[in-house]
Amino acid sequence: QVQLVESGGGLVQTGGSLKLSCTASGRTFSRYVMGWLRQAPGKEREFVASISNSNGAAEYADSVKGRFTISEDNAKNTVYLQMNSLKPEDMAVYYCAVLTGGVYSNPRDYAYWGQGTQVTVSS
């Protein structure tokens with residue numbers, strides 16, 4: 001019913017920038033939250049950022065506030081994550097996901113997931 005495809009991951013130097021994209025298809029929801037979550041080696045999946053398609057309200061994890069910006073293009077069913085001032089701690093597989101009910105900061109509440117895109121930050 002819902003497919004999510006991430007792109008834009010890659011290798012970047014510490015302090016550099018990357019922009020991730022996620023395009024959704026097959027969605028029937030009129031109101032939902034799209035989130036970016038990540039999983040680093042040896043760590044549990046964690047919330048990064050989210051945005052509501054209805055009002056554009058954005059939320060961020062404390063660890064990325066001031067560095068990452070989430071945005072959306074509803075016409076394209078696409079959400080973006082602009083990542084600036086990247087740090088080694090940002091190295092992870094980044095996933096986009098759809099939340100239809102629950103808490104935006106809880107990875108377990110997201111119902112649909114993409115397959116992820118790797119972000120590597122070199123020292």
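Me: Two strands pair if DSSP finds at least two bridges between them, a strand being a DSSP run of E with at least two residues, numbered from the N terminus. How many bridges join β7 to β8?

Reply: This is a predicted model, in which local features need pLDDT of at least 70, side-chain atom pairs count only at pLDDT 80 or more, and totals for chains, interfaces and linings use all residues. Residues are numbered from 1 along each chain as its sequence is written, and side-chain values use heavy atoms, without hydrogens or water. β7 and β8 run antiparallel, and F68 has M83 in β8 as its bridge partner. The number of bridges joining β7 to β8 is six.

Me: Which residue in the turn between β7 and β8 has a positive phi?

Reply: β7 and β8 form a hairpin, with four residues between them. In that turn, a positive phi of about 50° belongs to N77.

Me: Which residue in β8 is the bridge partner of L20?

Reply: Strand β3 covers residues 18-25 and runs antiparallel to β8. Six bridges join β3 to β8. Within β8, the bridge partner of L20 is L81.

Me: In what order do the four strands of the open sheet stand?

Reply: β8 is joined by six bridges to β3 and by six bridges to β7. The pairing in the open sheet is antiparallel, and β1 (3-7) stands at an edge with a single partner strand. The order of the four strands is β1-β3-β8-β7.

Me: Why is one side of β1 and of β7 left without a neighbour in the sheet?

Reply: The open sheet has the order β1-β3-β8-β7. β1 and β7 each have a single partner strand, so one side of each is left without a neighbour in the sheet, because both stand at the edges.

Me: How many residues of β8 are buried?

Reply: β8 is joined by bridges to β3 and to β7. The strand is mostly covered, where buried means under 20% relative accessible area, exposed over 50%, and partly exposed in between (1.4 Å probe, protein chains only). Of the six residues of β8, the number buried is five.
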